Amino acid sequence: MLEITSIKKGIVIDHIKQGVGMKIYEYMKLDEIKDNQVALILNANSPLLGKKDIIKIENKTDFDFSVIGAFDNNLTINVIEDEKVVKKIKPTIPEKIEGIFECKNPRCITTAEREIKQKFELVSETDRTYKCHYCETIRKF
């Protein structure tokens, strides 16, 4: 059996919908963290969700979580100090996302004009779908 231990200080992103953990890991560029341990747990058993993903980041707490709700707004971000949860953050689905994700439409002006900042606007909170501000291509997160 896999043992998932606690951390003394850092962030634990818990209750991530199964299969979404890797997307969040990539978005947060956690593979670039070299000095601290990072754990990505996929398909962990959960009484509430059946299966879930978990991300643990040791000793680092300075992240911008404003867009995380676009991936899964039911997850919980726990800030850990001295092995105790000192703060819980419940993300919301952002109305707008700017400068983070790319439009997948090869004809979008943002593909040809790289200096134009990517902008997406929320279309459906239920499906977590957004449309490109420029070409209106739909993107689901």
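**Notebook: a predicted model, looked over**

Started with burial: of the 141 residues in the protein, 40% come out as buried. I'm working from a predicted model here, so everything below is computed.

Next I looked up the secondary structure. I find two helices and nine strands. Reading from the N terminus, the order is β-α-β-β-β-β-β-α-β-β-β.

Then the overall dimensions. Along the principal axes, the C-alpha atoms fill a box of roughly 50 × 35 × 25 Å. For the accessible surface I get about 9000 Å², with 46% of that belonging to carbon and sulfur atoms.

How far apart in sequence are the contacting residues? I took the contacts between residues at least 6 apart, and 56% of them join residues at least 24 apart.

Charges: the protein has 24 positive and 23 negative ones, and their mean positions sit 3 Å apart.

On to the aromatics. How many aromatic pairs does the structure hold? I count four. I checked the geometry of Phe-63 and Phe-65: the ring centres are 5.9 Å apart and the planes meet at 50°, so I noted the pair as tilted. That angle falls between the 30 degrees below which planes count as stacked and the 60 above which they count as edge-to-face.

Is Phe-65 buried or exposed? Its relative accessibility is 13%, so I put Phe-65 down as buried; the cut-off is under 20%.

Last entry: which residues make up the aromatic cluster with Phe-71? I have Tyr-27, Phe-71 and Phe-101 together in one cluster.

Note on methods. Residues numbered from 1 in each chain as written. Predicted model: local features only at pLDDT ≥ 70, side-chain atom pairs only at ≥ 80, totals over all residues. Heavy atoms only, no water. Helix = DSSP H or I, 4+ residues; strand = E, 2+ residues; numbered from the N terminus. Buried < 20%, exposed > 50% of the residue type's maximum accessible area, 1.4 Å probe, protein only. Contact = heavy atoms within 4.5 Å. Areas by Shrake-Rupley, 256 points an atom, 1.4 Å probe, with all protein chains shown as cover. Lys, Arg positive; Asp, Glu negative; His and termini not counted. Charge placed at Lys NZ, Arg CZ, Asp CG, Glu CD. Phe/Tyr/Trp six-rings, centres within 6.5 Å; stacked < 30°, edge-to-face > 60°.
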